Amino acid sequence: MYENPTTERLAAMKTVAYAHFSVVGTWAYRREPCNVCGYYWQEIVPPLLVQWEPSTHVIGDFSWDGPFGDKFVVKNHVSDALNAMQFECGFLPVEYVEPERKRNTVPFPYEGPHLLWGQCSAIVDLDMEASGVELLSSCSACGDVRYTFRKDGITIRNRKWNGQKMFRISTNGPALTFVPEDGRRMIEEAGFSNIAFSEAGEIVN
Ligand SMILES: [Zn+2]
């Protein structure tokens, strides 16, 4: 267990000057929007379209979509290291969109370090009951299902976790990437800038 949740450290880190961005695409539509529930059936596909936001021009080893974002891009040495450590993460191309506001923003056209969009490929089911996750809605027309979103208070059964060093939670949809203790330690020991962790829950028998 994390003795000392790092939420404060996370907040402190985000006040340190690293550039953050907005994701402005690329949106793809897997099917027509549902005319019963209104779900758009859209997803983000590569290339990730990054629009740097007013923040700073200093680019961290990790960059995020906003001060508390969950989508990330990384420098080459980070993708190389995560690949070498066998994290369940794919690295996809990034393109840059001209910022709307130029002050305190990474210069455009972009001439900074090469960046790749990190997308976690592993998905793990949590223990819905122990995590307080309920089915919120299910559309009989398009099949879209919604569950309680959880970023903390998560319980995962050991048998549902195959030792992945990085994973997403099935009921959360594509948002948020989690790491177990091992993964956190490996990333922290690598000393990358602009990444910190907060406790999300536990993996139990
Ligand atoms: Zn629907």
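Which residues touch the most other members of the largest nonpolar core? Here are some notes to get you started.

1. Before the details, a word on what you are looking at. This is a predicted model, where local features need pLDDT of at least 70, side-chain atom pairs count only at pLDDT 80 or more, and totals for chains, interfaces and linings use all residues. Residues are numbered from 1 along each chain as its sequence is written.

2. Now the opening question: Ala19, Val50, Val73 and Val74 touch the most other members, in a core of 29 residues. A nonpolar core here is a set of buried Ala, Val, Leu, Ile, Met, Phe, Trp, Tyr and Cys residues joined through C-beta atoms within 7 Å. Buried means that 20 or more other C-beta atoms lie within 10 Å of a residue's own; 12 or fewer makes it exposed, in between is partly exposed, and C-beta atoms are placed from the backbone. Two or more core residues come from each of β4 (48-52), β6 (72-75), α2 (76-84), β9 (115-120) and β13, and β9 gives the largest share, with 4 residues.

3. Leaving out residues up to four places away in sequence, Val73 touches Leu48, Val50, Ser63, Val94, Leu115, Leu116, Trp117 and Gly118. Touching is a contact, that is, C-beta atoms, placed from the backbone, within 7 Å.

4. The strands β4 and β8 run parallel and are joined by 3 bridges; DSSP has to find at least two bridges for strands to pair. They belong to an open sheet of 3 strands, ordered β1-β4-β8 with mixed pairing.

5. Zooming out, the protein has 3 helices and 15 strands. These are DSSP runs numbered from the N terminus: helices are H or I with at least four residues, strands E with at least two. Buried residues make up 24% of the 205. Among contacts with a separation of 6 or more, 71% are between residues 24 or more positions apart. The C-alpha atoms fill a box of roughly 45 × 45 × 30 Å along the principal axes.

6. Last stop, Asn162, in the loop between β13 (154-157) and β14 (168-169). Asn162 counts as exposed because it has 10 C-beta neighbours inside 10 Å. Ala122 is 40 residues from Asn162 in sequence, with 9.7 Å between their C-alpha atoms.

Methods: Contact = placed C-beta atoms within 7 Å.
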